[in-house]
Amino acid sequence: MFVDPHEANSRSYADFQGRLRAGEFFSAEFPRVSKAGKRIWIQGVYNPLLNADGVPFRIIKFATDITNAKLKSADHAGQMAAIGLTQAVITFDLNGIITSANKIFCDAVDYAEHEIVGRHHRMFMLPEERDSVGYADFRKALNRGECLSGEFCRRTRSGRSIWL
């Protein structure tokens, strides 16, 4: 009664139920249906209870309503997707190693994403800035979680300067 009818009649749900009856434990996020028929999300923990012979005889579920958190997460994901469609975006780890870049960024610097992932961000720096105190301070600020905005001069594959 708490599961969407389409899901309740699916093979995957039947498999889920069978695994519970076999004594398997589950913990995950699940979409469910409220009494009013509204879609909600729960963090559910399903625990089969075993009798003295180790045979499952009951299942106890602990659930927490995570609908608001799930909606907020979806909203943030939508915002990030919109930013990625309109702005140049590059991500890198705390050591400055590039982990991803969107098409807009790649087009701006004349590289394909696979050509830059795994390389250091300084590949886009002007030679005089790569080893500067200013760049070291820039990296330290990012690693402290500071948000930095401004206009930054970077280099393309051909060495041409661009401003981001």
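Okay, let's start with P127, which has its place in helix α6.

Okay, let's start with P127, which has its place in helix α6. From P127 to W163 it is 36 residues in sequence and 15 Å in space, C-alpha to C-alpha.

Before going on, some housekeeping. This is a predicted model, where local features need pLDDT of at least 70, side-chain atom pairs count only at pLDDT 80 or more, and totals for chains, interfaces and linings use all residues. Residues are numbered from 1 along each chain as its sequence is written, and side-chain values use heavy atoms, with hydrogens and water left out.

So how confident is the predictor? pLDDT is its confidence in each residue, from 0 to 100. The chain averages 91, and 100% of the residues score at least 70. Helix α6, where we began, has the lowest confidence, with a mean of 86, while helix α5 (residues 113-116) has the highest, at 97.

Now, helix α2, residues 11-21. Which of its residues are buried? They are Y13, F16 and L20. These cover an arc of only 55° around the axis, which puts them on the same side of α2. The arc, by the way, is that of the directions from the helix axis to the C-beta atoms. Here's a handy bit of background: an α-helix has 3.6 residues a turn, so residues three or four places apart point the same way. On the other side of α2, you'll find R11 and R21 exposed. The buried residues pack against α1 (5-8), β1 (26-33), β2 (39-50) and β3 (56-65). Just after α2 comes G23, with a positive phi of about 100°.

Helix α7 (133-143) can be read the same way. Its buried residues are Y135, F138, R139 and A141. They cover an arc of only 160° around the axis, and that puts them on the same side of α7. The cover over them includes β4, α6 and β6 (153-155). Just after α7, G145 takes a positive phi of about 90°.

While we're on phi, a word on D110. Most residues other than glycine have a negative phi. D110 is not a glycine, yet its phi is positive, about 65°. You'll find D110 in the loop between α4 (103-109) and α5, and at 37% relative accessibility it counts as partly exposed.

Next, the largest pocket. A pocket is found on a 1 Å grid over the protein atoms alone: it is an open set of points where a 1.4 Å probe fits, with protein on both sides within 12 Å along at least five of seven lines, and lining residues have an atom within 4 Å of a point. The largest one holds about 630 Å³ of space. It is lined by 20 residues, and the closest to its centre are I90, F92, F138, L142 and L148. Which element gives the largest share? That's α7, with four residues.

H121 lies in the loop between α5 and α6, and H121 is buried, with a relative accessible area of 6%. Leaving aside neighbours within four places in sequence, H121 is in contact with I90, F92, G96, I98, Y135, F138 and R154. Contact here means heavy atoms within 4.5 Å.

I98 is in strand β5 (residues 98-101) and is buried too, with a relative accessible area of 1%. I98 and V117 are 19 residues apart in sequence but 4.9 Å apart in space, C-alpha to C-alpha. Not counting residues up to four places away, what I98 touches includes V117, H120, H121 and F124.

Let's finish in strand β7 (residues 161-163), with I162. At 11% relative accessibility, I162 counts as buried. Its contacts beyond four places in sequence are A108, V109, F152, C153, R154 and T156. Thanks, everyone!

How values were computed. Grid points are joined across faces, edges and corners, and a volume is the space filled by probe spheres set on the points. Helices (H or I, at least four residues) and strands (E, at least two) are DSSP runs, numbered from the N terminus. Buried means under 20% relative accessible area, exposed over 50%, partly exposed in between (1.4 Å probe, protein chains only). pLDDT is the predictor's confidence in each residue, from 0 to 100.
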